[in-house]
Amino acid sequence: MRKLGITAVTLAVAMSLHAQQKKTITISNPSAADRQELVTIPFQTLKQQFGLKDTVFVIKNKKSGEVLPIQFERLGKQHVQNVLIEASIAGKGKLELVVVQEKAPVAIQKTYARYVPERKDDFAWENNVVAFRAYGKALEGTSEDAQGFDFWAKRTSDLIINEWYATGDYHADHGKGLDYYSVGQTLGVGDVALYFGDKVHYTKHYRHFEILDNGPLRSTFKLIFEPQAIAGETIVLEKTISLDAGSQLSKVSLSVKNANAERTPLVVGIAKRKEERPDFQWASDDGVFSYWEPAQNGNITGTGLILPDDRAALIQSPTQFLFKITQQNNQPLEYYMGAAFNKAGAITSDEQWRMYLLTKAEHLRHPLTIKYNK
């Protein structure tokens, strides 16, 4: 009888494992290009599909058995909202995944964001390929004051924010890159300003911040601004910014609340260097702008935007490229801004940078598809 009991238990375990293995997630790539990006799956969907009770599980490549990196995304809430999966899928290919209830290995931290009170209220964020910062209240009115988003030209997969702020020596390249990008009185790399009377009106720097998630695969935070009075209108802006591992681009979701009008004129901007014929491309139908800056001591930065299709009008000024968009209250303006550093090695020419942006825009229009197989 004891032998039969053991056999029954073994059979039950085998049947349970077999049933678990039959339940798969199939992620399909509709585009011809290979893609490596984060896939977002609502946590409640995973719980329902796979009978999960908690967050003790791994997601594996069904074919190879490889455990994929994941992140539990909370979006500033107490409970997990989404599961982020770092997936690589060949062009027109499929990736089959299984969910196994076992303890996950510690994931490598590839994104990071933090408030930097020791450097006049900077807020900095980075991943394993790029780094950015926004300026805070303490910088206002000082000789260092600048307006838009700054870009740090890193050329290492290491996270360098804490290291560079600790040493303060980040204007020279010691092997990991440097901060040589000049923002000044421009919107830098893709920041936003108000635009009344055919004139750029910079807002004050952010006043409050909230970190919603902080890696290992995506960092998301919110920058909150005080009300701005201009042209008889009182406007409040709020920027939610996220950066995924491996991406050259940050996603910006801008909330606009105008107490006196339903729509607000804005501009998204990119700093322009002093050159007779700037090397830029603007594909208005795709909402893609790319700019390959002139070299400075062999250092070249490419900057770019992916804006909502057919909504932005290009305005050129001596110091920046401006893209005018009129935004309705309570409807978020979502766009992507970012940069590439030639010495990082991945993108070394204007053509490569332009293709990177066009490909990203294409992927946004044709997202990966997810199917659950029972």
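Predicted model: local features only at pLDDT ≥ 70, side-chain atom pairs only at ≥ 80, totals over all residues.
Biologist: Which residues does Ile70 touch, not counting residues up to four places away in sequence?

Modeller: With that exclusion, Ile70 touches Phe57, Ile59, Val83, Leu84, Ile85, Ala107, Pro216 and Leu217, where contact means heavy atoms within 4.5 Å. Ile70 itself belongs to strand β4, which covers residues 70–73. The C-alpha atoms of Ile70 and Arg218 are separated by 9.9 Å, although these two residues are 148 residues apart along the chain.

Biologist: What makes the second largest pocket a place where Ile70 matters to our description?

Modeller: Ile70 is one of the residues that lie nearest the centre of that pocket, together with Ala104, Pro105, Val106 and Ala107. The second largest pocket holds about 330 Å³ of space and is lined by 17 residues, which divide by class into 14 nonpolar, 2 polar and 1 charged.

Biologist: And what lines the largest pocket?

Modeller: The largest pocket, with about 1100 Å³ of space, has a lining of 40 residues, and those nearest its centre are Glu37, Leu38, Asp244, Tyr336 and Lys360. Among the elements that give two or more residues to this lining are β2 (35–42), β17 (233–244), β25 (333–341) and α4 (350–365). By class, the lining has 15 nonpolar, 13 polar and 12 charged residues.

Biologist: What makes a space a cavity rather than a pocket?

Modeller: A cavity is a set of points where a 1.4 Å probe fits but cannot get out, whereas a pocket is an open set. By this rule the model has 2 cavities of 30 Å³ or more. The second largest cavity has a volume of about 40 Å³, and because the cut-off for this count is 30 Å³ or more, that cavity is included.

Biologist: Which residues lie nearest the centre of the largest cavity?

Modeller: They are Gln147, Asp191, His205, Phe225 and Lys239, out of a lining of 17 residues, and the space there comes to about 130 Å³. Strand β12, residues 189–196, supplies the largest share of this lining with 3 residues. The lining as a whole has 10 nonpolar, 4 polar and 3 charged residues.

Biologist: Which residues line the second largest cavity?

Modeller: Its lining is made by Asp279, Phe280, Gln281, Ser290, Tyr291, Trp292, Asp350, Trp353 and Arg354. The elements that give two or more residues to this lining are β20 (279–283), β21 (288–292) and α4, and by class the lining has 4 nonpolar, 2 polar and 3 charged residues.

Biologist: Let us turn to helix α2, residues 43–50; how do you know that its buried residues lie on the same side?

Modeller: The buried residues of α2 are Phe43, Leu46, Gln49 and Phe50. They cover an arc of only 130 degrees around the axis, and therefore they are on the same side of α2. These buried residues pack against β1 (24–28), β2, β3 (58–61), β5, β6 (94–100) and β26 (369–373). After the helix comes Gly51, whose phi is positive, near 65 degrees.

Biologist: You mentioned β3; why are both of its faces said to be covered?

Modeller: Val58 and Lys60 on one side, and Ile59 and Asn61 on the other, are all buried; since buried means under 20% relative accessible area, each of these four residues falls under that cut-off, and so both faces count as covered.

Biologist: How do you know that β3 and β6 pair?

Modeller: Strands pair if there are at least two bridges between them, and 4 bridges join β3 to β6, so the two strands pair, and they run antiparallel. Within this pair, Lys60 stands opposite Val98 in β6.

Biologist: What makes β24 a partner of both β19 and β23?

Modeller: The cut-off is at least two bridges; β24 (residues 320–328) is joined by 9 bridges to β19 (residues 263–271) and by 4 bridges to β23 (residues 313–316), so β24 pairs with each of them. Both pairs run antiparallel. In β24, Lys324 is the bridge partner of Val267, and Leu322 is the bridge partner of Ile315. A hairpin through 3 residues joins β23 to β24.

Note on methods. Residues numbered from 1 in each chain as written. Heavy atoms only, no water. 1 Å grid on protein atoms, 1.4 Å probe; cavity = no way out; pocket = protein on both sides within 12 Å on 5 of 7 lines; lining within 4 Å. Nonpolar A, V, L, I, M, F, W, Y, C, P; charged D, E, K, R; others polar. Buried < 20%, exposed > 50% of the residue type's maximum accessible area, 1.4 Å probe, protein only. Arc of directions from axis to C-beta.
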